[in-house]
Amino acid sequence: MAAENRNIKLLIAYDGTDFSGWQRQSNARTIQGEIESCLSTMTQEDLSLHGAGRTDAGVHAKGMVAHFSTTTSISSKVFLRGLNSMLCSAIRILSASECSNEFHARFSATGKHYTYSLFTGTIQPPNQRLYALHVASPLDLKTIQSCLRLLEGTHDFSSFENSGTRDKSLTSGRGAIRTIYTATLSKGVDDRIEFHFIGNGFLRNMVRNIVGTLLEAGRGKYTAMDFKNILSAKDRAAAGPTAAANGLTLKEVIYLTF
């Protein structure tokens, strides 16, 4: 009798600096590829690891969720211990647990929480350079906060969408419409500012494009009304530049069940 399939869920943290993003690539080092290689070694199976989403090169994660199906009898505890012993120190499995076969890391998710970090001091400490964008020019935080409030709710975010998110020829589906539950900023110690975006989904480079445009508003290029018009334009050319990848972190993937 064939062995029964088991579904294993992983909670993953990683420093994306030296990786070409999450998604497996034949000619580049990726997070998915590294973990799949270790899983195949442990199980002697040709496994596919399904992530909650894709992060780009240089983007970090504190709470990526992924799952894989296996027929092995290896326990979740052994997967946790074994993967962390095999993976490089830039990737860590925070937890491993057996879950329902109905669980899918991507399709079961109801939302994601991204953060984007800035360092606004004159001289950025070297140990922060990989995890926060250095913005030395003064920023008008009141204008930025007014722009952030305009993002909350359900909108067509085409103005902040890079190509490659989806097949734009399809007439079905939700297109570029997404719901942002909260878009806020917090000021930390040591000249740190952190943006928080929680929503039901994000388009390719959407957060980085939003941040790049917010920074332009903070420098005086756009007013809050200009920002509202950019959002309404549904045109990527209307918005500002894409902020660097190093400030972006996937903090949490949200599930109502499982």
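**Close-up views of a predicted model**

View 1. Beyond its neighbours within four places in sequence, I12 has contacts (heavy atoms within 4.5 Å) with W22, I35, A61, K62, G63, M64, A66, I91, R92 and I93. The model is predicted, with local features requiring pLDDT of at least 70 and side-chain atom pairs pLDDT 80 or more, while totals for chains, interfaces and linings use all residues. Residues are numbered from 1 along each chain as its sequence is written, and side-chain values use heavy atoms, without hydrogens and water. The largest nonpolar core comprises 71 residues, and I12 is among those with the most contacts inside it, together with L10, I35, F160, F195 and F197. Such a core is a set of buried Ala, Val, Leu, Ile, Met, Phe, Trp, Tyr and Cys residues joined through side-chain atoms within 4.5 Å; buried means under 20% relative accessible area, exposed over 50% and partly exposed in between (1.4 Å probe, protein chains only).

**View 2. The aromatic pair F68 and F79.** The ring centres of F68 and F79 are 5.2 Å apart and the planes stand at 75°, so the pair is edge-to-face (centres within 6.5 Å, planes over 60 degrees apart; under 30 is stacked, the rest tilted). F68 is buried, at 0% relative accessible area, and F79 is likewise buried, at 0%.

**View 3. Positive phi at Q44 and N205.** Q44, which is not a glycine, has a positive phi of about 60°, and N205, also a residue other than glycine, has a phi near 65°. Q44 is exposed, with 68% relative accessibility, whereas N205 is buried, with 13%.

Key. Rings of Phe, Tyr and Trp (its six-membered ring) pair if their centres lie within 6.5 Å; planes under 30 degrees apart count as stacked, over 60 as edge-to-face and the rest as tilted.
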